[in-house]
Amino acid sequence: MIKKLILVVAAVIALPVVMNAQKFGVVDANDVLTNLPDFATMRDQIAEASKHYEDEFKKLQDEMDKKYGEFQALPEETPQSIKELRLNELQELDQKMQQFRNTASQDLQRQQETMMAPIEQKLMEAVRAVGQEGGYTFIFQEGQALYQGTDVVNVTAEVKAKLGIK
């Protein structure tokens with residue numbers, strides 16, 4: 001009986017210690033990322049690459065418009081074989097434009113992923129450092145929890161400070 005009583009008392013005393021041992025935090029990773037100078041540099045580089053692709057696509061579009069205008073301007077008496085030749089040229093140019101658009105999109109996606117990887121790694125290292133320094137059990141992405149109690153600490157400012165962001 002005394003052993004059971006001692007066990008219950010020990011459990012009651014230890015419960016608050018165990019409950020306080022777990023510390024949870026949240027971080028707004030999007031806020032941190034968008035304020036990183038590296039992210040702004042990446043965004044500018046992607047915008048510049050995108051502009052180059054847009055300029056090249058515009059040239060293809062202009063060529064398509066010109067050829068389509070020429071096709072429309074063919075006189076009624078133009079032989080069918082010439083009309084078919086011009087129509088085939090238009091179809092080939094359209095396929096070329098679609099292929100270019102797909103290639104450009106894939107290339108921009110690949111560039112963004114390549115540039116984003118070290119930025120995300122930097123963020124994760126800062127979150128990990130804040131977690132270790134602050135003694136957090138978990139740090140969650142803000143906005144993804146279904147419930148957030150009052151004992152959860154928002155560590156976004158600490159992560160920003162770790163990365164030198166104001």
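Student: In this predicted model, over the ring of which residue does the charged end of Lys23 sit?

Tutor: The model is a predicted one. A charge is assigned to a ring if NZ of Lys is within 6 Å of the ring centre and within 35 degrees of the ring normal. The charged end of Lys23 lies 4.7 Å from the centre of the ring in question, and that ring belongs to Tyr136.

Student: How many aromatic pairs are there, and why is the pair of Phe24 and Phe140 stacked, tilted or edge-to-face?

Tutor: Ring centres must lie within 6.5 Å for a pair, and by this rule the count is 5 aromatic pairs. For Phe24 and Phe140 the centres are 6.3 Å apart and the planes are at 25°. Planes under 30 degrees apart count as stacked, so this pair is stacked.

Student: Which strands does the pair of Phe24 and Phe140 link?

Tutor: The two residues are 116 residues apart and lie in distant parts of the chain. Phe24 belongs to residues 24-27 and Phe140 to residues 138-141, which are strand β1 and strand β2.

Student: Is Phe57, whose ring pairs with that of Phe100, buried or exposed?

Tutor: The rings of Phe57 and Phe100 are stacked, with centres 6.4 Å apart and planes at 15°. Phe57 lies in helix α3 and Phe100 in helix α4, so the pair ties together parts 43 residues apart in sequence. The relative accessible area of Phe57 is 19%; the cut-off is under 20%, so Phe57 is buried.

Notes
Residues numbered from 1 in each chain as written. Predicted model: local features only at pLDDT ≥ 70, side-chain atom pairs only at ≥ 80, totals over all residues. Heavy atoms only, no water. Phe/Tyr/Trp six-rings, centres within 6.5 Å; stacked < 30°, edge-to-face > 60°. Helix = DSSP H or I, 4+ residues; strand = E, 2+ residues; numbered from the N terminus. Buried < 20%, exposed > 50% of the residue type's maximum accessible area, 1.4 Å probe, protein only.
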